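Reader: I have a model open and want to talk through how the fold is put together. Can we start with the helices and move on from there?

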Amino acid sequence: MNNYRDVIKAPIITEKSADLAQNQNTITFSVACDANKTQIKQAVEKIFNVKVESVNTINVKPKKKRVGRYVGKTNKVKKAIVKLKEGSSIELN
């Protein structure tokens with residue numbers, strides 16, 4: 001990865017991720033599919049100026065979708081659940 005912003009695509013804001021952010025100091029991001037945990041940790045620390053405790057990743061496989069007679073698949077996605085150290089926080093609006 002050439003740039004840290006190529007690793008982190010966008011935050012994932014759902015009810016579950018908002019609950020994790022509020023209660024467990026954990027933020028969920030959509031990341032590049034070829035990024036590893038070390039690259040994700042470095043990117044979050046550089047972009048948001050916080051300390052990261054741990055990174056967990058999830059590969060979401062594409063699902064089959066059908067519109068009329070046409071069959072296709074959704075995009076594959078990689079999610080990163082980033083736990084921040086005590087005293088660090090990211091404000092996502």
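Author: This is a predicted model. Helix α2, residues 15-24, lies across β2 and β6 and runs at about 140° to β2.

Reader: And α3, which strands does it touch?

Author: α3 packs on the sheet, with contacts to β1, β2, β3 and β6. The direction of α3 makes about 125° with that of β3.

Reader: What is the strand order in the sheet?

Author: The order is β1-β2-β6-β3, in an open sheet of four strands with antiparallel pairing.

Reader: Which strands stand at the edges?

Author: β1 (8-11) and β3 do. Each has a single partner strand, so one side of each is left without a neighbour in the sheet. On average, neighbouring strands are turned by 30° against each other, direction ignored.

Reader: How many bridges join β2 to β6?

Author: Six, and the two strands run antiparallel. As for a facing pair, I27 stands opposite V82 in β6.

Reader: Change of topic. How many residues are in the largest nonpolar core?

Author: It has 17 residues. Those with the most contacts inside the core are I8, F29, I40, V44, V82, L84 and I90.

Reader: Which elements give two or more residues to this core?

Author: β2 (26-31), α3 (37-48), β3 (52-60) and β6 (77-84).

Reader: Take V44. What does V44 touch?

Author: Leaving out residues up to four places away in sequence, V44 touches I8, F29, N49, V50, V52, V82 and I90. V82 is also the residue that I27 stands opposite.

Technical notes: Residues are numbered from 1 along each chain as its sequence is written. This is a predicted model: local features need pLDDT of at least 70, side-chain atom pairs count only at pLDDT 80 or more; totals for chains, interfaces and linings use all residues. Side-chain values use heavy atoms; hydrogens and water are left out. A nonpolar core is a set of buried Ala, Val, Leu, Ile, Met, Phe, Trp, Tyr and Cys residues joined through side-chain atoms within 4.5 Å. Buried means under 20% relative accessible area, exposed over 50%, partly exposed in between (1.4 Å probe, protein chains only). Contact means heavy atoms within 4.5 Å. Two strands pair if DSSP finds at least two bridges between them. Axes are lines fitted to C-alpha atoms, for helices over the stretch in contact, and angles run from 0 to 180 degrees between N-to-C directions.
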